[in-house]
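Have a look at the sequence and the model first, and then we'll pick out a few spots.

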Amino acid sequence: MQRVLSSLLVLSLLACGGSSESESGAADAREPVNDEHSFARPDEVRVKHMRLNLEVDFENRVLHGTNGLLFDALEAPGELVLDTHALKIDKVLSWKGQAREWALGEPQGRLGRQLTVQLLKGDMEVTVHYRTTPEGEALQFLEPAMTGGDHPYLFTQGQAILTRSWMPCQDSPGVRVTYDAYVIAPKPLTVLMSAGKRHAPTDLRHDDGVDDTKRVFSFYMEQAIPTYLIAMAIGEIDERAISQRCSIFASPALVEAAAAEFVDVEHMVQAAEGLFGAYRWGRYDILILPPAFPYGGMENPTLTFLTPTVIAGDRSLVSIVAHELAHSWSGNLVTNATWRDFWLNEGFTTYFERRIMEVLYGADRANMEMLLDWNSLHASLGELEAYQTVLHVNLEGRHPDDGFSGVPYNKGALFLHRLEEVVGRETLDVWLTTWFDKYAFQSATTADLVAFLKGRLPEGKVDLEDWLEDVGIPSDAPKPTSDALTVVEAEVARLAAGAAPG
C-alpha cells in the first residue's frame with residue numbers, strides 16, 4: 001500500500017509456479033504465530049476456505065448474506081473463534097443446515113467483538129448469516145455526486161484489521177485462505193473483486209422467476225491470501241485491455257485517460273519477473289477508484305486499487321504502479337505474519353519498486369525517487385515517537401495503524417540497499433528470489449528473516465539488531481544521490497538569491 005503521496009508533486013514538476021505445497025497456493029501449513037490484533041485461535045481451528053454470498057443494499061449502505069467457513073475436521077468438539085466488527089449476526093448453521101450455538105464477546109474498541117461458534121464432532125464447515133452496518137470501517141459507500149457519474153459506488157479497504165467489519169473471519173495476516181464469492185448488485189453496476197472471474201454476470205434468478213434489475217457476479221481465488229487482501233468494488237466501471245493479462249478498469253469518463261497513463265504496465269510486470277521470478281497470480285489488473293479513495297494504492301491480488309490523482313497525463317507518477325505490482329511478491333506472495341512485521345511487506349516492496357523503475361526508466365529516475373524518500377524519511381523522524389522508528393515495531397496495546405509511517409517503507413528499503421552494498425546486487429537478487437520461493441504463499445516473521453540472513457550474511461558486516469530493533473537510522477545507512485535533484489536544488493537556490501529565471 002502507498003499511504004502518502006508526498007513526492008508526487010515534485011515528480012510531476014520534474015517530468016514537465018513449482019511443485020511444493022506452498023507453490024501451489026495452498027494455505028500456509030506452518031504453525032501460526034500469536035497475533036495480538038486478532039481474537040482468532042488458528043492454533044486450535046484454522047479456517048482454510050471461505051464461501052461468500054452477498055447482496056449490496058445501497059439505500060441502507062449495507063451488505064447482507066452469508067460466509068461459509070471451511071476448516072480442518074476436528075476429532076473432538078471445539079470452538080471456532082472469529083473476528084467481527086460492527087456486524088449483525090443472525091444465525092450460524094452447520095454444513096447440513098443444523099443450528100450451531102454462537103456468542104459475541106464484549107466490544108474491544110476497534111478490535112471489534114469475538115464471535116465464538118460451538119462446534120460438534122465432525123464439523124468441517126459452518127455458515128454465518130450476517131449483515132454489515134453503516135459503522136463498518138471497511139465499507140465506503142459513495143453517492144453519485146462523489147463518483148463523477150450517475151450511480152452510487154462501493155469499495156472496501158481491509159488493511160490492516162478492517163476486513164472483520166464486512167465479513168466474520170480470522171482477520172490476521174498469519175492466516176491465509178482461499179475463497180469464492182457470489183455478489184448481487186443492481187444493474188447497470190459492475191462488481192470487481194481481488195480474484196478471478198468464474199463466469200460472466202447473469203440476471204438474478206429466484207425460484208419464482210428472473211429479476212432482471214439485478215445481476216450476480218461470481219469469483220474465485222485459488223491462491224491462499226490473508227483476509228486483508230480480500231477486496232471488492234461496485235460501480236459504473238469500464239475496462240480497457242493493455243495486454244493478455246493486464247487491463248485497466250475505471251469510470252467511463254476516465255478509462256481512456258487511465259489506459260493511456262498506464263500503458264507500460266505489462267512491461268512493468270515483465271521487468272519484475274526478470275528480477276525476482278515469475279508472476280504467480282494470473283492476471284494483473286488495475287482499478288482506478290473515485291477520488292474518495294484515501295490512499296495512493298492498495299495491492300489487492302490480481303486487482304490493484306489506485307487513486308485517480310496519479311493520472312498526470314505524462315506518466316510521471318507511474319512509480320506507484322511499480323510499488324503495488326512489487327507487492328505481488330513482497331506482501332501478497334510472502335506476507336508479514338503479524339503487523340509488527342509490516343516492514344517485511346513495505347520495505348521489501350519499496351526496494352523492489354526502485355529496481356523496477358530502474359529497469360524501465362533508468363538509474364537517474366530510480367535514484368531521484370530514492371533521494372525523495374530519504375528526505376521524506378528524515379523529515380518525519382522528528383514527528384514520530386521513538387518506538388515508531390523501529391522496523392520490528394512493538395505494537396503491544398496499540399492499533400496496527402500506529403506502526404504505519406514512512407519508516408517501514410523507507411528504512412526497510414534502506415536496509416536492503418545496505419545488504420546490496422555489502423554482498424553485491426547479484427548475490428542479493430539470488431537471496432531475494434530464494435526468500436520469495438521459500439516462503440511463497442506463506443506468512444513470515446522478522447525472526448524468519450534473521451534466521452534466513454544469518455546463514456548467508458558475512459559476519460560483522462551488518463548489525464541486524466541495530467537495523468531491526470533499534471530506534472532511528474543506523475549510521476551505516478546508504479545515502480542516495482540524484483544528479484537531477486541537484487540541478488533542481490541549484491536552480492531553486494539561484495532564484496531565491498534574486499537571479500532571473502534561466
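## Around Thr190

Leaving out its neighbours within four places in sequence, Thr190 is in contact with Arg215, Phe217, Ala233, Ile234, Gly235 and Ile237; contact here means heavy atoms within 4.5 Å. Before going on, note that this is a predicted model, where local features need pLDDT of at least 70, side-chain atom pairs count only at pLDDT 80 or more, and totals for chains, interfaces and linings use all residues. Residues are numbered from 1 along each chain as its sequence is written, and side-chain values use heavy atoms, with hydrogens and water left out.

Thr190 sits in strand β11 (residues 190–193); strands (E, at least two residues) and helices (H or I, at least four) are DSSP runs, numbered from the N terminus. Is Thr190 buried or exposed? With a relative accessible area of 18%, Thr190 is buried. The scale goes like this: buried is under 20% relative accessible area, exposed is over 50%, and partly exposed is in between (1.4 Å probe, protein chains only).

## Strand β10 and its partners

Strand β10 (residues 176–186) has nine of its eleven residues buried, so it is largely enclosed by the rest of the structure. Two strands count as paired if DSSP finds at least two bridges between them. Strand β1 (residues 47–57) pairs with β10 in the parallel sense, over seven bridges, and Met50 has Tyr179 of β10 as its bridge partner. On to strand β13 (residues 209–226): ten bridges join it to β10, and the two run antiparallel. Val183 stands opposite Phe217 in β13.

## Salt bridges

Side chains of opposite charge can pair when their charged atoms come close. A salt bridge here is a side-chain nitrogen of Lys or Arg within 4 Å of a carboxyl oxygen of Asp or Glu. How many salt bridges does a search of the whole structure find? The count is 25, and here are some of them.

| Pair | Closest N and O atoms |
|---|---|
| Arg131 and Asp90 | 2.9 Å |
| Glu266 and Arg245 | 3.0 Å |

In the last pair, Glu266 belongs to helix α3 (residues 265–276) and Arg245 to the loop between β15 and β16 (247–250), so the pair ties together parts that are 21 residues apart in sequence. Glu266 counts as buried, at 13% relative accessibility. Arg240 is partly exposed at 29%, and so are Arg131 at 39% and Asp90 at 41%. Elsewhere, Arg41, Glu44 and Glu79 are linked in a network of salt bridges.
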